[in-house]
Amino acid sequence: MSASLQLLAVQDEALRRRQNELERLRQQMHSLLPLYRANFAGEPQHPHVQRVEDPRAARGILTTITVEAEREILLSLPTQDPWEELADMDGGAWPGYAGTRSDLLRVLLPEAARFDVRVREQAEALLRAGGQVRTAVSPPAWLLVVDAEVAVVPVGEGQGLSLVREESVVAALWRTLSGAWDEARPFDGSYDHGSARSTSALIDEAILRLLLNGLEDKVIARRLDISLRTCQRRIADLMDALGARTRLQAGYVLGQRVRTGERRAA
């Protein structure tokens, strides 16, 4: 726990700049999506956007565009892929993406995935097949970009998707996902106590940062792809480590430690 607090307090300036750039790209993506919806939601046959709300039809589109990929497939997933249960589970580079070229596939997962035995096995299989897997504390929600030319964003919780070919929107989504990938940690599917402690410390850092920003427990849990119960337990442990009885007090103590770390770094 103390290692987590120390890591948070002494973040170097270069990492902060990269994180700020990634956040700027995320905000740009979110600012473009309402514009896309406003312009194209009423035009289902528009050449730049195809919205499919039937889950099985959407699954078919996912299969088609990933199988036809020529250069790269960037895929950001929660620990549980909402499309996996609709797939023909006959193997493939990643469950639910049978027929996809493994050497083109880059899968970005939340750090919490390192604690999931099933996902670790999938990561090992993909690496053996020539693909890549990385983890990030809070990667973009489910998002797919193929060949930097077409993007897929979900509609609801696995209920459908929007297939986007509008260049500016795809470019923003690609930059967001590519930036998150560059910041992420390689993952080979292995598990050891040292790696587990490091991952746990990163998750605790993120929880503290999000708490300091005033986010609710359920929002933090969703961002980090952990259960609400796990999130609340970690928050309680972190407050104990800070010696804080309330979240307001925890925020004050944490702010003091961060400022102290910045002064020492300077």
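## Buried residues and the overall picture

A residue counts as buried when its relative accessible area is under 20%. By that cut-off, 47% of the 266 residues of this chain are buried. The model is predicted.

The chain has nine helices and eight strands. Among contacts with a separation of 6 or more, 72% join residues 24 or more positions apart.

## Confidence along the chain

The average pLDDT of the chain is 78. A score of at least 70 is reached by 71% of the residues. Helix α1, residues 2-9, has the lowest mean pLDDT, at 48. Strand β4, residues 132-136, has the highest, at 95.

Two stretches call for care. The pLDDT is below 50 over residues 7-12. In the model this stretch has 14 contacts beyond near neighbours in sequence. Residues 35-45 also have a pLDDT under 50. For them the model has eleven contacts beyond four places in sequence.

## Leu144 in strand β5

Strand β5 spans residues 143-146 and includes Leu144. Is Leu144 buried or exposed? Its relative accessible area is 0%, so Leu144 is buried.

Asp147 lies in the loop between β5 and β6, the latter covering 150-154. Ala148 is found in the loop between these strands too. Asp147 is not a glycine, but it has a positive phi of about 55°. Ala148, also not a glycine, has a positive phi of about 55°.

How accessible are these two residues? Asp147 has 7% relative accessibility, which is under the 20% cut-off, so Asp147 counts as buried. Ala148 has 37% relative accessibility and therefore counts as partly exposed.

## Where α6 meets α7

Helix α6 covers residues 193-212, and helix α7 covers residues 217-224. Their axes come within 10 Å and cross at roughly 140°. The angle is why α6 is oblique to α7. The crossing of α6 past α7 is right-handed.

Which residues make this contact? From α6 come Ile203, Ala206, Ile207, Leu210 and Leu211. From α7 come Ile220, Arg223 and Leu224. By class, the contact has seven nonpolar residues, one charged residue and no polar ones.

## Where α7 meets α8

Helix α8 covers residues 228-242. The axes of α7 and α8 come within 9 Å and cross at roughly 110°. Therefore α7 is roughly perpendicular to α8. This crossing is right-handed.

On the α7 side, the contact is made by Asp217, Lys218, Ile220 and Ala221. On the α8 side, Leu228, Cys231, Gln232 and Ile235 take part. By class, five of these residues are nonpolar, one is polar and two are charged.

Methods
Residues are numbered from 1 along each chain as its sequence is written. This is a predicted model: local features need pLDDT of at least 70, side-chain atom pairs count only at pLDDT 80 or more; totals for chains, interfaces and linings use all residues. Side-chain values use heavy atoms; hydrogens and water are left out. pLDDT is the predictor's confidence in each residue, from 0 to 100. Helices (H or I, at least four residues) and strands (E, at least two) are DSSP runs, numbered from the N terminus. Contact means heavy atoms within 4.5 Å. Axes are lines fitted to C-alpha atoms, for helices over the stretch in contact, and angles run from 0 to 180 degrees between N-to-C directions. Angles under 35 degrees count as roughly parallel, over 145 as roughly antiparallel, 65 to 115 as roughly perpendicular and the rest as oblique. A crossing is left-handed if the near helix is turned anticlockwise from the far one by less than a right angle, and right-handed if clockwise. Ala, Val, Leu, Ile, Met, Phe, Trp, Tyr, Cys and Pro count as nonpolar, Asp, Glu, Lys and Arg as charged, and the others, Gly among them, as polar. Buried means under 20% relative accessible area, exposed over 50%, partly exposed in between (1.4 Å probe, protein chains only).
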